[in-house]
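Work through the exercises below with the sequence and the model at hand. Each task is followed by a solution in steps.

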Amino acid sequence: MGTPEFPDLGRHCSVQHCKQIDFLPFTCDRCDLSYCLEHRSYIKHQCSKAGNNDVTVVICPLCAKGVRLIPNEDPNISWETHVNTECDPSNYDKVIKKMKCPVRRCKEVLTFSNTIKCKDCSVDHCLKHRFGLDHDCPGPKKPATTSSSFWATSLLNVASSFRENRQVARDGAGLRRSSSGSAGQMEECPQCRVKFSSVTALVEHVKKVHERNNQSRVLKMSIDVCPKCGRGFRDPVSLVEHVEKDHGGTSKA
């Protein structure tokens with residue numbers, strides 16, 4: 001047996017009708033005899049010392065799970081027990097079907113060593129398409145707008161519109177005064193819109209008509225009330241700043 005350089009190389013199979021020379025023989029852990037590839041199992045060489053240590057597993061073609069054959073039992077009984085109890089055909093695709101890169105026309109199979117999860121879309125891709133531009137990444141999902149931030153944004157919009165309207169009113173009053181001054185210096189009563197040729201006449205009109213009737217000139221402004229503490233504010237911006245500072249950005253009472 002063997003060669004001059006390796007005299008102990010190879011063994012004959014211990015099965016009497018085989019005796020095949022195997023240069024990589026298998027040694028049985030029970031009877032300590034050498035066997036070829038075909039007769040390496042306990043059943044194939046009918047090992048007398050195997051006992052119940054022989055384990056035979058067959059793959060189910062329906063669910064791709066391993067079915068262990070119980071020693072000294074008919075294999076058909078083991079098979080029927082598996083089919084009636086734990087066989088799940090839906091598991092076949094999970095075991096057999098391999099995950100591939102979702103990029104169109106890419107057939108790269110995703111394995112442990114070549115799979116990269118995109119940090120924006122959280123989808124697995126191959127190394128070739130790991131960057132967002134390579135797999136048309138839609139980007140991260142936009143966070144949902146909370147009720148408190150939406151309420152604060154609405155108040156800021158109201159405040160900005162209030163400031164714009166007040167500026168427009170001031171500009172209109174200035175234009176009205178300039179136009180009335182150019183047309184004979186006419187003065188207009190802000191309460192009843194009656195025009196006078198001089199400021200003195202206008203002052204006397206206000207004292208006689210409006211002050212006596214308790215209708216003095218008062219600038220009417222709307223008051224915004226905090227829904228949390230009931231504090232009033234003339235400027236909506238001040239109300240927003242008060243809510244964010246004192247109530248943590250929430251208007252719920």
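**Exercise 1: cysteines**

Cys106 has a relative accessible area of 15%, which makes Cys106 buried (under 20% is buried, over 50% exposed, in between partly exposed, with a 1.4 Å probe and protein chains only). The model is predicted, so local features need pLDDT of at least 70 and side-chain atom pairs pLDDT 80 or more, while totals for chains, interfaces and linings use all residues. Residues are numbered from 1 along each chain as its sequence is written, and side-chain values use heavy atoms, without hydrogens and water.

Task: find how many disulfides the whole structure has.

Solution.
1. A disulfide is taken as a pair of cysteine sulfur atoms within 2.5 Å.
2. The closest cysteine sulfur to that of Cys87 is in Cys63, at 3.8 Å, which is too far for a bond. Cys87 is buried, at 17% relative accessibility.
3. For Cys106, the nearest cysteine sulfur belongs to Cys126 and is 3.8 Å away; Cys106 is in no disulfide.
4. The search of the whole structure gives zero disulfides.

**Exercise 2: cores**

Task: state which residues make up the largest nonpolar core.

Solution.
1. A nonpolar core is a set of buried Ala, Val, Leu, Ile, Met, Phe, Trp, Tyr and Cys residues joined through side-chain atoms within 4.5 Å.
2. The largest has nine residues: Cys13, Val15, Cys28, Cys31, Tyr35, Cys36, Tyr42, Cys47 and Ala50.
3. A second, separate core has five residues, among them Cys101, Val103, Cys106 and Leu110.
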